[in-house]
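Dear colleague,

I am passing on the structure below, together with some notes on what was found in it. Please read the notes with the coordinates open beside them.

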Amino acid sequence: DGTVLLVGTDGQMVLNRGLHAKLPYDPVKDFTPVIRLSATPLVLAVHPSVPATSVAELIALAKAKPGELFYASGAPVFHVATELFKKQAGVNIVHVRYKGAAPAQTAAVGGEVAVIMSSLGPMRALLRSGKLRGLAVTSAERYAIIPEIPTMAESGLADFDVVPWTGLFAPAGTPREVIDKLNSEAAVVLNLEDLKERFAATGVSLRGSSPAELGALQRADITRWVKMLKDLN
């Protein structure tokens, strides 16, 4: 009836389709899209002790020391994005799994791992304080609050465009008039200027959509990532 909703990330609503042989839910059939809420680019960063100040230098270092560098991940999208980077760059950087983004970032700051790719929001303070060195953002364009960090495309990986999103979903079968009402009310909130500014300061862009647009984005991403996950093994 529209009173129980899901704030679903593309990890839950896209990547799990390709990461697990069986899921207790169907991301498409069991849910009705309401509206896209946000989009957040990732940042590829290294510990300050790593002798690399650019993506090209990191790739050269990794090729000189195959299997000797390690990277941390604490969520599926961070893991998958770094594996995609490794494939496109042709390098062997070893994955270390942590139980969440915060422990992964702590490991990177402490030098347990050399490399991390994670959301901009929690990383921003670490980048500004020099505890981590940002090498590239994963969006097609530079990000306004860290304009000094180039994109992956500018760094030589032309086809690298990974911007995780979050959407609002209702259970399948929720009446269309309820979905439309939720969409219109959420769109009003997402367009509040003070809210946009507060989220932008944490590295998050508020992005509205129609229910159909979110559904199309989800289906397109499932098609893209399921194939890519197979290619990445």
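At roughly what angle do the axes of helix α1 and helix α8 cross, and within what distance do they come? The axes of α1 (residues 10–19) and α8 (residues 211–232) cross at roughly 30° and come within 8 Å, which makes α1 roughly parallel to α8. Angles under 35 degrees count as roughly parallel, over 145 as roughly antiparallel, 65 to 115 as roughly perpendicular and the rest as oblique, while the axes are lines fitted to C-alpha atoms, for helices over the stretch in contact, with angles running from 0 to 180 degrees between N-to-C directions. The crossing of α1 and α8 is right-handed, meaning that the near helix is turned clockwise from the far one by less than a right angle. Helices (H or I, at least four residues) and strands (E, at least two) are DSSP runs numbered from the N terminus.

Please bear in mind that this is a predicted model, in which local features need pLDDT of at least 70 and side-chain atom pairs count only at pLDDT 80 or more, whereas totals for chains, interfaces and linings use all residues. Residues are numbered from 1 along each chain as its sequence is written, and side-chain values use heavy atoms, with hydrogens and water left out.

The structure holds seven salt bridges, each being a side-chain nitrogen of Lys or Arg within 4 Å of a carboxyl oxygen of Asp or Glu. One of them joins lysine 86 to glutamate 83, with the closest N and O atoms 3.0 Å apart; both residues lie in helix α3 (residues 76–89), three residues apart, about one turn of the helix. Lysine 86 is buried at 11% relative accessible area, and glutamate 83 is buried at 17%, where buried means under 20%, exposed over 50% and partly exposed in between (1.4 Å probe, protein chains only).

Another salt bridge pairs glutamate 185 with lysine 181, again with the closest N and O atoms 3.0 Å apart, and these residues are separated by about one helical turn because they are four residues apart in helix α6. Glutamate 185 is partly exposed at 42% relative accessibility, as is lysine 181 at 49%.

Finally, methionine 152 lies in the loop between β7 (133–137) and β8 (165–171) and is buried, at 0% relative accessibility. The C-alpha atom of methionine 152 is 5.7 Å from that of threonine 138, although the two residues are 14 apart along the chain.

Best regards
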